[in-house]
Amino acid sequence: MKKLGTYLISVYFWIEMFGSSAILFPVAVLIWLVTMPFDSRRYYLHQFSCTWSNLAFWLNPLWRLTVSGKDKIDKNGTYVIVSNHQSGADILVLFTLRLHFKWVAKRILFFTPFLGWNMAMNRYIALRRGKKSSMHRMMEKSKEGLLQGNSMMIFPEGTRSKDGQLQPFRSGAFHLALNAQIPILPIVIKGTSKAIRKGGFLISKQHDLRVVILDPIPYNSFKDMEPKQLAEIVHNRIEDELTSAPETLS
């Protein structure tokens with residue numbers, strides 16, 4: 001019976017996710033068309049995308065999300081935002097912060113019905129793994145976006161962790177912060193690895209998710225560092241927080 005319950009919850013989650021996306025996507029198209037002449041940053045469309053994600057949590061009351069440290073963020077600031085990556089639920093979690101940012105995401109995700117099409121309309125930045133030319137274009141577009149006042153959201157691990165343990169960081173996000181002279185905002189996500197397993201279909205019946213926003217790292221504090229050194233420092237800060245407390249709340 002327990003397995004059957006998990007299966008039914010999972011079916012409900014995915015039907016709710018894609019069903020609501022099919023309903024909300026036309027609204028996103030309308031917002032895109034109406035705001036396109038005056039909103040080059042796609043701020044309003046991104047905010048709607050955040051609301052879209054919040055709705056997914058509201059329709060799945062078995063996941064409880066707690067956010068701490070949001071007061072550390074300068075609402076008018078621009079950041080290279082870096083976070084650990086445990087599962088597909090991370091995207092939903094980070095959208096709920098309602099920060100204005102552009103995702104840097106795998107190119108294949110942009111072809112996903114409704115969700116991927118919305119990503120394209122938001123002008124999120126596609127990256128094709130293993131291609132230097134794609135990496136170069138991503139860095140150029142990301143720097144351009146930062147200078148326009150758009151924060152960039154990057155998973156420096158490059159892919160989801162198989163076991164929830166923090167993987168080594170790639171240096172691209174830190175090259176970007178150095179080149180654009182932009183502060184770094186580290187974010188720690190806890191619990192999503194158990195909410196949705198990597199490559200899996202099954203959803204946890206009940207789970208607590210946590211987001212911890214760490215202190216922003218100003219550009220002046222790392223301007224003389226090499227990208228790999230900076231990546232290691234940020235990795236250690238995120239790992240310290242990730243392992244400092246249980247993934248679930250009492």
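# Exercises on a predicted model

In this predicted model, the mean pLDDT by element is lowest in helix H7 (residues 192-195), at 76, and highest in strand E2 (residues 80-83), at 97. For the protein chain, the mean pLDDT is 87, and 90% of the residues reach 70 or more.

## Exercise 1: the largest pocket

Describe the largest pocket by its volume, its lining and the elements that contribute to the lining.

Solution. 

1. Start with the space: the largest pocket holds about 1,300 Å³.
2. Next take the lining, which is made of 47 residues. Those nearest the centre of the pocket are His85, Ile91, Ala105, Lys106 and Leu109.
3. Then list the elements that give two or more residues to this lining: helices H1 (2-35), H2 (43-58), H3 (89-95), H4 (115-121), H5 (132-147) and H6 (172-180), together with strand E3 (101-106).
4. Finally, sort the lining by residue type: 25 residues are nonpolar, 13 are polar and nine are charged.

## Exercise 2: the surroundings of Thr78

Find where Thr78 lies, decide whether Thr78 is buried or exposed, and name what Thr78 touches.

Solution. 

1. Locate the residue: Thr78 is in the loop between strand E1 (63-68) and E2.
2. Check its accessibility. The relative accessible area of Thr78 is 17%, and buried means under 20%, so Thr78 is buried.
3. Look for contacts, leaving out residues up to four places away in sequence: Thr78 touches Leu146, Gly149, Asn150, Ser151, Ile182 and Pro183.
4. Take one of these partners, Ser151. Ser151 is 73 residues from Thr78 along the chain, yet their C-alpha atoms are separated by 4.9 Å.

## Exercise 3: helix H6

Solution. 

## Exercise 4: the salt bridges

How many salt bridges does the structure hold, and which side chains form them?

Solution. 

1. The total is three.
2. One of them joins the side chains of Arg64 and Asp208, with an N to O distance of 2.6 Å. Arg64 is in strand E1 and Asp208 in strand E7 (residues 207-213), so the pair links distant parts of the chain, 144 residues apart. Arg64 is partly exposed at 45% relative accessibility, whereas Asp208 is buried at 7%.
3. Another joins Lys72 and Asp215, at 3.3 Å from N to O. Because Lys72 is in the loop between E1 and E2 and Asp215 in the loop between E7 and H8, this pair ties together parts 143 residues apart in sequence. Lys72 is partly exposed, with a relative accessible area of 35%, and Asp215 is partly exposed with 47%.
4. The side chains of Glu241 and Lys190 also meet in a salt bridge, with 3.0 Å from N to O. Glu241 belongs to helix H8 and Lys190 to strand E6, so parts that are 51 residues apart in sequence are tied together. Lys190 is buried, with a relative accessible area of 0%.

## Exercise 5: positive phi at two arginines

Give the phi, the place and the accessibility of Arg98 and of Arg123.

Solution. 

1. Recall the background: most residues other than glycine have a negative phi.
2. Take Arg98: its phi is positive, near 60°. Arg98 is in the loop between H3 and E3, and its relative accessibility of 35% makes Arg98 partly exposed.
3. Take Arg123: its phi is also positive, about 60°, although Arg123 is not a glycine. Arg123 is in the loop between H4 and strand E4 (125-127). With 48% relative accessibility, Arg123 counts as partly exposed.

Key:
Residues are numbered from 1 along each chain as its sequence is written. This is a predicted model: local features need pLDDT of at least 70, side-chain atom pairs count only at pLDDT 80 or more; totals for chains, interfaces and linings use all residues. Side-chain values use heavy atoms; hydrogens and water are left out. On a 1 Å grid over the protein atoms alone, a cavity is a set of points where a 1.4 Å probe fits but cannot get out, and a pocket is an open set with protein on both sides within 12 Å along at least five of seven lines; lining residues have an atom within 4 Å of a point. Grid points are joined across faces, edges and corners, and a volume is the space filled by probe spheres set on the points. Helices (H or I, at least four residues) and strands (E, at least two) are DSSP runs, numbered from the N terminus. Ala, Val, Leu, Ile, Met, Phe, Trp, Tyr, Cys and Pro count as nonpolar, Asp, Glu, Lys and Arg as charged, and the others, Gly among them, as polar. pLDDT is the predictor's confidence in each residue, from 0 to 100. Buried means under 20% relative accessible area, exposed over 50%, partly exposed in between (1.4 Å probe, protein chains only). Contact means heavy atoms within 4.5 Å. A salt bridge is a side-chain nitrogen of Lys or Arg within 4 Å of a carboxyl oxygen of Asp or Glu.
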